[in-house]
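Have the sequence and the 3D view open as you read.

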Amino acid sequence: MAEKTLSEVNERIRDGSVRVVTAEEMPSIVDELGPAGAVREVDVVTTGTFGAMCSSGLFLNLGHSDPPIKIGRAWLNKVEAYGGVAAVDLFLGATQPSIDRGIEYGGAHVMEDLVSGKAIEVEAEGVGTDCYPQLGLETTLRLEDFNQATMVNPRNAYQRYNAATNSSQRTIHTYMGTLLPRMGNVHYSGAGVLNPISNDPSFQYIGMGVRIFLAGSQGYIIGSGTQHNPQAGFATLMVTGDLKQMDRRFLRAATFTRYGSSLYLGIGVPIPILNERLALSTAVRDRDIEVPVVDYGVPRRDRPSMAKVNYEQLKSGMVRIGRQEVATSSLSSLLMAREVAATLKGSIEKGEFVLTQPVAPLSLAGSARPMKQTKEFPYVEDVMSREVVSVTEDISVAEAAQAIIKSKFDHLPVVNSAGVLCGIITTWDISKAVADGTISQVSQIMTRNVFSTTPDQPIELAARTLDTHSISALPVVDQDGRVIGMLSSNHLSRLFAGRRPR
Amino acid sequence: MKLLLRVAPGIVRKPLIASVILETGALVNIERASIDAVSGEIVLDVSQEKCRQVKDALERLGVDVILLEIPVIRDDSECVHCGACVAICPTGTFHFEDWRVVGEPGRCVQCGACVTACPHRALRLVLK
């Protein structure tokens, strides 16, 4: 067995004889030389990823003012930072929107502005105590003015990430970008072969205390990240680093339309090739890393998986979902991931970056269970009316008017002979037809593209459909599309007023 | 060649495109059109040879015509080559070359899908 120690690797870094390759180069080296040969030829494999890492944040210490203040609430360029940490420590989250520009300028943008050397307007409200009497202050600070600006990111550098598509009939805007209707595209995130954890999935090296490349600085792995779930192949890292040492090239604010702000970060982990097992795990290829293509058109936690694909297929620009060929695109930057791995490789070769010994490996068992929801929330079937009057499209407007008078709603679902929903008419449609005078048939006035809901849908989602499309009622249909009830905005207002309908 | 047509309220009800096709014999492709009762905006694709003729004919009818040489502009200081603009473009304006996002602005019809999809707000439609 070919083996070497971490001190031997570091000795080679110091004397300039270290041999470093990126994770993209490693598979062919192991193919050619075998794992033992690779241990002899390669000392360090550098990895890199550059993508949206929402779960990122910054601890800032402002220093004490005179008179002193115990900050209760604070805003940096109108982005609120959490003030419940001692007197003048703040925590700024990347996804916090600003009160003036909303998601177009959020916590991540403040971080990018700080790293770019820009001045930040700070506003703070004080609690007012005997020892901290000041009640409020405003000041302008640059990065160098903070005592500490320490990035602490609860969940970064996912081992892999579900690819996203959308089977619904409308374009949706998500944290996986714009997803076109009827599975018009697939978006994926992650660097595949270059991903840090995918190159050491059993944490032979990766662990607490490992020095990493964090947005141009030398940062550290604190431990496993939140939602760390290595059993399923979705391990994560919690990392820290000094913002004052970071480089804007590797730290970029972003906004996902109708979702929120986020932070694109460059993270690279060096993996020393101490033994054959590490040589083999860093020989991972894109085709070895599989992810499901998940349907974001279903707004539920357990979204259906439409296909299983690997990063080689995703990176080819086209994947197959059932019989459909769908264009893919990445959302994280593979170009920048390569640059992270190459920059880290350069720093190691120049002797500027020495590897550290982990103090504890990451946990091999994590937890990403669903939320325990203790407050019961209603479903459509708990609220809807089951007495529903529906009509067929071959009747006259006058007959429809009579039906609507009998009905409790000002909406009348139109069904075919099998009872399947095919349209809807409202009292407004009937009034228009009467005013027009020339229209006699329901088929001429009904809306055919009708939104509906199902009995098992949470009421919040049905309310969102009503709100998104500015409508006031939804037919409730069963699995076969047959109308079995109606849900109107009246049901929702009754719910809010605390009266559950029968 | 792409032409951006802005149609003023006074003439929006006239068969402008049809008149120009009959007059010039040009094969035009309407790539995008948003027209309502008061005004309209249309993007036409015309062959290079007929472009001048079509532009002149439209202008004689009172249409404001702009040659869209570069319909969409990218701010390279903001772009990180993530690819959020690649698969959502209906005309394939952007593609990857060795993981660098490369644009062919000539394909753009100014639908604006990429502008809202770009997480780094690096894209902008010219004259919008």
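Predicted model: local features only at pLDDT ≥ 70, side-chain atom pairs only at ≥ 80, totals over all residues.

## A helix residue in chain A

A:Ala342 counts as partly exposed, at 41% relative accessibility. For this term, buried means under 20% relative accessible area, exposed means over 50%, and partly exposed lies in between, with a 1.4 Å probe and protein chains only. A:Ala342 sits in helix α6 of chain A, residues 334-349. Helices here are DSSP runs of H or I with at least four residues, strands are runs of E with at least two, and both are numbered from the N terminus. If you look for A:Cys422, it is 80 residues away from A:Ala342 in sequence and 58 Å away in space, C-alpha to C-alpha.

Residues are numbered from 1 along each chain as its sequence is written, chains are lettered from A and ligands numbered from 1 in the order in which they are written, and side-chain values use heavy atoms, with hydrogens and water left out.

## Chain A as a whole

Chain A contains 12 helices and 33 strands. Its C-alpha atoms fill a box of roughly 95 × 70 × 40 Å along the principal axes. Of its 502 residues, 52% count as buried. Contact means heavy atoms within 4.5 Å; among contacts in chain A between residues at least 6 apart in sequence, 67% join residues at least 24 apart.

The chain is divided into domain 1 (6-53 + 152-361), domain 2 (63-146) and domain 3 (380-496), with bounds that come from an automatic or database domain assignment. The centres of domain 2 and domain 3 of chain A, taken over C-alpha atoms, are separated by 51 Å.

## Two buried residues

Where does A:Ala108 lie? This residue belongs to helix α3 of chain A, residues 107-115, and A:Ala108 is buried, with a relative accessible area of 0%. Leaving aside neighbours within four places in sequence, A:Ala108 is in contact with A:Gly93, A:Ala94, A:Ala253, A:Ser262 and A:Leu263.

A:Asn185 is found in the loop between β15 (177-179) and β16 (186-188) of chain A. A:Asn185 is buried too, with a relative accessible area of 0%. Its side chain reaches the backbone nitrogen of A:Leu180 at 2.9 Å. Not counting residues up to four places away in sequence, A:Asn185 touches residues of chain A, including A:Ala164, A:Thr165, A:Val326 and A:Ala327, as well as B:Ala87 and B:Ile88.

## Where chain B meets chain A

The contact between the chains takes 21 residues of chain B and 28 residues of chain A. Together they bury about 1,900 Å², 53% of it on carbon and sulfur atoms. Buried area is the accessible area (1.4 Å probe) that two parts lose on being put together, summed over both.

How many salt bridges are there between chain B and chain A? The count is three, where a salt bridge is a side-chain nitrogen of Lys or Arg within 4 Å of a carboxyl oxygen of Asp or Glu. One of them joins the side chains of A:Arg338 and B:Asp98, at 3.1 Å from N to O.

## Inside chain B

Chain B is divided into domain 1 (2-67) and domain 2 (72-125). The C-alpha centres of these two domains of chain B lie 26 Å apart. Five residues from domain 1 of chain B and six residues from domain 2 of chain B make up the contact.

The area buried between domain 1 and domain 2 of chain B is about 380 Å², of which carbon and sulfur atoms give 54%. B:Lys2, B:Glu31 and B:Arg32 supply 82% of the area that domain 1 of chain B buries against domain 2 of chain B, more than any other three residues. The count of salt bridges between these two domains of chain B is zero. On the side of domain 1 of chain B that touches domain 2 of chain B, the elements that give two or more residues are β1 (2-7) and β2 (29-35) of chain B.

Methods. Polar contact = N/O pair within 3.5 Å; in protein donor to acceptor, adjacent residues only side chain to side chain.
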